[in-house]
Structures are given as structure tokens and as C-alpha cells.
Amino acid sequence: MRKRNEWEEFFDGHAPAYMENVFTKNTLAEVDFIIEELKLSPRSRILDIGCGTGRHSVELAKRGYSVTGVDLSSGMLAEAKEAAGKAGVEVEWIHADATQFKPERLYDAAICLCEGAFGLLGKNDDPLEQGLSILHNIKRALKPDSKLIMTVLNGLALIRKYSQEDVEKGVFDPVALAETYPMEYDTPEGKKSLMVRERGFTPTELKLMLGQTGFEVNHIWGGTAGKWGRRKIDLDEIEIMVIAKKMIGVS
Ligand SMILES: C[S@@+](CC[C@H](N)C(=O)[O-])C[C@H]1O[C@@H](n2cnc3c(N)ncnc32)[C@H](O)[C@@H]1O
């Protein structure tokens, strides 16, 4: 049987409360932004990696796109299915690990938002391989010249936030650019806490990783939820946005 990672356990427990997070409150404006960037014709196919409760998938489906959401957490997908039902839209939901996801059709665009899988490391995940395998799977899912929009944890901010003491204590790993910290969530049996590991990315390595997996980077902007815009990265902000295109001639 497949071993659950800490993030799957966390998101299964946190799913019913996920939409209470402040960072989820800007979904409509985010979807406006996505549509403006992608410039797709109606009914185009969009792949949402690490779709969570489906807040972007469902809104995109409401606006006439054909959407597939992929997520590791069955709890998050249950919330997503309920949201789609309430909105009266059809979305294809796939329960899968994005590092192992094998696409069965080709898409016109992909989104991977708010650390949707990318950089959310299991205890034993290789910090570089995890992201590369997700990019590889997204690339295989996309038609040539199709766009990918990602928002990922800002590694520059992590470097500025942590001290040498944090490195010595094992809270921040400067090689992996990963932080390890306890995440709390409520369950019917009371509060639970899990040690999770999450990594940030520098813009330079994002360019290298995307280039290595067959993408050309068009833009890297500040991408913190609630503050999306075509603007320079603020060094201390939480997330970076990447707009990339699958290169022509790459399979
Ligand atoms: C912070 S949430 C973001 C959800 C959504 N994209 C949003 O913007 O609200 C991260 C999501 O990634 C999912 N996730 C974590 N690791 C994953 C993996 N390896 N494969 C697929 N999904 C994963 C989690 O279950 C969770 O739903």
C-alpha cells in the first residue's frame, strides 16, 4: 500500500476548514488574472495541479473551461467535489500524487497555485527531484506552446527570515532551502500537530528547473496570494509567481 506523506495527512485533517484561510479569499480576482494571462478559447482544457478544495478549478469551470483537478488529499478532493456540485459544474477530479501523475490527455494550460504540491516535501522526498518530477509530469500533460502558471514559496524570503541558529537547530536547511515546522489543525478528536517540510525556490533555480524540463520562462513576478500583479518580487513576500510556456518540439 502507498505510504501517506505528512502533507496528505495534514490536508485530510485540515480540509473542512481550508476555505477559512485568509489567503483563499481572493479567488475570483485570481481567476480573472489567470484567464487574462492564458487567453484561451472557451472549453479549452486546464489542468490544476494540487487543486485542493477546487477553488480555482470550480470557478474556471463556471466560466466555461474544461478542468481537471489533481490532488493528493482525498479530504481536499471531497470538499472540491461538494463545491463543484453546489456550483452546478462538472470537473474531473483525480486523486494522485503530482510527482507520479500520468496524464491521460493533453491540456491547453496548467496551473499549480499556492504551493499546490510543488515544494511540499514528504519526510523522505529529495528536495530537487520532487519539483522536477512535478514539472516533468505537467510538461507531458501540456500541448506544445501551452502556458503554465505557478505560485511557489519564495526562497529569497526564507533566506532572509532564518538565522544561523535556525540552521543549527535543523529548522532551516540551507542546502534544500527547506523549513521544517509543526502545523496544527483541528480534528473531531481535538487539535493535532504534524511536523511538515516545505521548500522555497529562488527565481534563478526556477528558471533552471523549468528550462531543464522543457519550459521557457516568460515572467517571474511577486505572487503572494491576495497580492498578485505584474510586478517585481518583494524580497520578503511569501510567494513568487512564474509564467512559463512549454517549448515547441518538446514531448
Ligand atoms: C496550500 S494547498 C493549495 C490548494 C489550491 N491550489 C489553492 O490555491 O487553494 C496545497 C495542496 O497541494 C496538495 N498536495 C500536496 N502535496 C501534493 C502532491 N505530492 N501531489 C498532489 N497534491 C499535493 C495538498 O493536498 C493541498 O490540497
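**View 1. Burial of Glu237 in the predicted model.** Glu237 has a relative accessibility of 4%. Buried means under 20%, so Glu237 counts as buried. The model is predicted, not experimental. Glu237 sits in a loop. That loop runs between β10 (215-222) and β11 (239-246).

**View 2. Residues touching Glu237.** Residues up to four places away in sequence are not counted here.

**View 3. Fold and dimensions of the whole chain.** The protein contains 8 helices and 11 strands. Its radius of gyration is 17 Å, close to the 18 Å from the globule rule for 251 residues, so the protein is as compact as a globular protein of that length. The C-alpha trace spans about 50 × 45 × 35 Å along its principal axes. Of contacts between residues at least 6 apart in sequence, 68% join residues at least 24 apart.

View 4. Buried residues account for 54% of the 251 residues. The accessible surface is about 12,100 Å². Carbon and sulfur atoms supply 53% of that surface. There are 33 positive and 39 negative side chains. The centres of these two sets lie 5 Å apart.

Terms used: Residues numbered from 1 in each chain as written. Predicted model: local features only at pLDDT ≥ 70, side-chain atom pairs only at ≥ 80, totals over all residues. Heavy atoms only, no water. Helix = DSSP H or I, 4+ residues; strand = E, 2+ residues; numbered from the N terminus. Rg over C-alpha atoms; globule rule 2.2 N^0.38 Å. Buried < 20%, exposed > 50% of the residue type's maximum accessible area, 1.4 Å probe, protein only. Contact = heavy atoms within 4.5 Å. Areas by Shrake-Rupley, 256 points an atom, 1.4 Å probe, with all protein chains shown as cover. Lys, Arg positive; Asp, Glu negative; His and termini not counted. Charge placed at Lys NZ, Arg CZ, Asp CG, Glu CD.
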